[in-house]
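User: Hello! I am new to this structure and would like a close look at one part of it, with enough of the surroundings to help me find my way.

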Amino acid sequence: MLTMIGKRLMFAIPSLIGVVIVTFLLTRALPGDPAAYFAGPAASKEAIEQIRKKLDFDRPLIEQFFRYTNDLAHGDFGNSLTTGQPVATEIRNRLPASAELTLLGLVVSVMIAIPLGVLAATRPGSWIDHLCRITTTAGVSLPVFFTGLVLVYVFYFRLGWSPAPLGRLDVFYSAPPSVTGLYLIDALIARDFETFRSALSQLILPAATLAIFSLAPIARMTRASMLAVLASDFVRTARASGLSPSTVIVTYAFRNAMLPVITTLSMVFSFLLGANVLVEKVFAWPGIGSYAVEALISSDFAPVQGFVLTMAVMYVLLNLIIDILYGVIDPRVRLEG
Amino acid sequence: MKRRDFLKSVTGVAAGAMVPAPAIWSAAKADARSETLLIVSESGPNNLDIHGVGTNVPGYEVSWNCYDRLISHEMKSGPGGVPYYDRDKFKPELAEDMNVGDMSVTFKLKKKATFHDGAPVTAKDVKWSLDRAVSVGGFPTFQMGAGSLTKPEQFVVVDDNTVRIDFARKDRLTIPDLAVIVPCVVNSELVKKNASEKDPWGLEYTKQQTAGSGAYKVTKWTAGTEVIMERNDAWAGGPLPKVKRVIWRMVPQAGNRRALLERGDADISYDLPNKDFVELKDSGKLNIVSVPYSNGVQYIGMNVKIPPFDNPKVREAVACAIPYQKIMDAVLFGLAKPMFGAAADKATEVAWPQPTKYVTDIARAKALLAEAGHPNGFETTLSFDLGFAGVNEPLCVLVQESLAQIGIKTTINKIPGANWRTELNKKVLPLYTNVFSGWLDYPEYFFIWCYDGKNSIFNTMSYQSKAMDEFIHGAVDAAAVGNTAKYDTDVKGFVDLAFKDIPRIPLYQPYVNVAMQKNVSGYQYWFHRRLDYRALVKA
């Protein structure tokens, strides 16, 4: 197992090098001049040149690249110009915010989507199958920012049940001492239930927004995969042997149907982590997606590079975990390096 | 891990997530609310020090409230009774006394003034800070230069409590330039301790924390999320502010900022879309303040170096084809001061901005265009900054529609905020809309930037005219020696010429819109258009 993990990580190295080079070149190819942007509203040509010098953008591209890779090797991702902070610190602070939101959204989504998919598959054509179809179609066709705004409008503005959409915590709470960076878990570790409650109530609406969106792929995949498995020989054999329907569905069919669902889950998770920019914007969530987009808008190179690199590493790790999970769920899957 | 264990643990986690959180409340949080001002805005600072590299506009707000200057402005009653800074009246802030001589000005410092760490504010700190402002380069140095403050030798320590500033030349803008945000006084000993050889002015240190003597100090800053500021109870610069704590949260979504205000969760917000402001005003639930930008104009610019805009007749034709009133109604919802349609017999004033005499007159525009040799019009692009798309986009669509009526076919070119300045600098955009406003509220200051032949970045039209330069420099020199008659003639001269040659078409003077809860009062308009927390009161 360990040699397998080692091998897999080795294979990831060339792709990471590729990512470093491509992001470096792509960010440089962006139109727009960061020096002019950051020289401020009243800058003269000389002021812009001074800024360019300070930021080392006047050096040849190749020199900038070696400086960048050298810094990377020392764990330095550079400084963001828009927020003024080191990129590594920012990503470390913001990644847990996105991860917490995405994970919770995914958990909620899984809790609804998988039972829904299983039920739809066992009773094709019934009302629950139609319900599944309607929910997933609606979920996937409503853009997240729209769902988010509607939820804010109804539950915050109209009903006042939800707290103000002001990020991870209410204004008057301070973050729990950081252990994992996930406020829910950190608050529990610190036994600070008030903060836990505040963090959870802030999370409900954005997590629900994400859940509604990610419901569709998971439910559809569960349904399709369950249908295929239910039609297979071993399920027929199990049924013929007189096993109870619940044993057949849960023990025999569901476990075998889980592989494609897990694959979909991993894809949905990594997609959401980077792509929930809109949800982050609507709920003022200090996540990694909105960070990257803001940096992109202001041609702030370092955070964009840092973001892409972090995402690439996350994808590599996530794929590895999923592959290991395959082996745990289905002993027939043998991993090759 | 065994797969059975794994499957069990998965169900375990799922069940755990469903356990409801215990509901425990504390009353202390409610008390904190009444002493705290919650501000929401779209974006936050990227640097707490205005002397830093590329400090953005929200960063100016922090500097204004956390640092002191030698002098500041008095307030007067402005448009609509809103307290408005008085351009001509100065009041001491760190200085207790200002003595203007012929070629220098001397300041005596308040003896009880201290920095946030308790160190006294001395003349040495003042000199170091001003040296820093003229030496770091970029925007701060440039702004100091606008008041002829360019060399460290101009700042002289007389004794521990006295500083003299020598004038490089007679310039009416020198004293006002000492009251803008840039010449703030920094705790030199503290910053020097945290400076390095590579960074002699300690910019890295002051980027992350405030090291001033101002009424507030930043206690927590999470970039892109929030800034928390606490009152400095030992502030010597003026009467103790009423608000104890300011929490400034970034809420990117305009709709949510409005919802926060309407629900009463946020105390103040600005930069809401005009439509929201009008609706909030009508609903009457909030205090809404609208004040025109001082010395600021939104305009349609034409590059006079690019045909056919090199022909004054074409420019005049465009000026006659702009749907001025439609822009006021449909884009701004009335929240702006028109800069067009002055009565034909109205005399030019010694003031800026002032309205042109242009009105929408399609027939005249057509005739002018035919006269200029383009009876069938021409094709061009109309560019705008996407960073301000809320106003710029509908404005450009209206202009596009209207120009089509006289045969000018325009393609709209949306330029992302990051590129806008780069594109302006190249001076290749033929037709565009933009806004300019100067901190120092003097007509000649505006014209030096926007119309002068030295072709600064804000002379986006590349307009160069000998007659114009003569008027501008005449006015600057006349102001320096106090020759009012000559000054008035020259100001009228350059305004008339700008309207006759019309390289840029003034549209309107934009408004600063601020929405506050009913229990919040004390808003003051400043030239920098950011909030001054020191005067705000939350009942």
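Where in chain B is the place of Pro353(B)?

Analyst: Welcome! Please keep in mind that this is a predicted model. Pro353(B) sits in a loop of chain B, between strand 14 (336–338) and helix 13 (362–371). What you will want to look at there is the backbone: the peptide bond from Trp352(B) to Pro353(B) is cis, and its omega is near -5°.

Another loop of chain B has a cis bond too. Here it runs from Pro307(B) to Pro308(B), with omega near 5°. To find it, look in the loop that lies between strand 13 (296–302) and helix 11 (312–321) of chain B, where Pro308(B) is placed.

Ser462(B) has phi near 55°, which is positive although the residue is not a glycine. Ile502(B) is also a non-glycine residue with a positive phi, near 40°. Their surroundings can be compared by counting neighbours. Ser462(B) counts as partly exposed because 18 C-beta neighbours lie inside 10 Å. Ile502(B), by contrast, is buried, because 24 other C-beta atoms are within 10 Å of its own. Ile502(B) belongs to the loop between helix 18 (484–501) and strand 18 (504–516) of chain B.

Helix 16 covers residues 443–450 and helix 17 covers residues 466–481; they pack at about 145°, and their axes are 10 Å apart. The crossing of these two helices of chain B is left-handed. On the side of helix 16 of chain B, the contact is formed by Glu444(B), Phe447(B) and Ile448(B), while helix 17 of chain B brings in Ile472(B), Ala475(B), Val476(B) and Ala479(B). Sorted by class, this contact between helix 16 and helix 17 of chain B holds 6 nonpolar residues, 1 charged residue and no polar ones.

In soluble globular proteins, nonpolar side chains tend to be buried together. The largest nonpolar core has 215 residues, and the members that touch the most others are Ile218(A) and Phe494(B). Helix 9 of chain A, residues 193–230, is the greatest contributor to this core, giving 17 residues. A separate, second core has 11 residues, among them Val87(A), Tyr291(A), Ala292(A) and Phe307(A). Back at Ile218(A), leaving aside residues up to four places away in sequence, its contacts include Ser109(A), Val110(A), Ala113(A) and Ile114(A), and also Val261(A), Thr264(A), Leu265(A) and Val268(A).

Chain A is built with 14 helices and 0 strands. Its C-alpha atoms fill a box of roughly 85 × 55 × 40 Å along the principal axes. Of the 337 residues in chain A, 42% are buried. If you consider contacts in chain A between residues at least 6 apart in sequence, 70% of them join residues at least 24 apart.

Helix 7 of chain A ties the two chains together in our tour. It spans residues 144–158, and from its first C-alpha to its last it reaches 20 Å, close to the 21 Å expected for its 15 residues. Buried in helix 7 of chain A are Val144(A), Thr147(A), Gly148(A), Leu149(A), Leu151(A), Val152(A) and Tyr156(A). These buried residues pack against helix 9 and helix 12 (277–282) of chain A, together with helix 9 (254–262) of chain B. After helix 7 of chain A comes Gly160(A), with a positive phi near 70°.

Ile51(A) is part of helix 3 (residues 45–54) of chain A, and it is buried because 25 other C-beta atoms lie within 10 Å. Met1(A) is in the segment before helix 1 (2–29) of chain A, and it counts as exposed because it has 8 C-beta neighbours inside 10 Å.

Definitions and conventions: Residues numbered from 1 in each chain as written. Chains lettered and ligands numbered in written order. Predicted model: local features only at pLDDT ≥ 70, side-chain atom pairs only at ≥ 80, totals over all residues. Core = buried A, V, L, I, M, F, W, Y, C linked by C-beta atoms within 7 Å. Buried ≥ 20, exposed ≤ 12 C-beta atoms within 10 Å, placed from the backbone. Helix = DSSP H or I, 4+ residues; strand = E, 2+ residues; numbered from the N terminus. Contact = placed C-beta atoms within 7 Å. Axes fitted to C-alpha atoms, helices over the stretch in contact; angles between N-to-C directions. Left-handed = near helix turned anticlockwise from the far one by under 90°. Nonpolar A, V, L, I, M, F, W, Y, C, P; charged D, E, K, R; others polar. Expected span 1.5 Å × (residues − 1).
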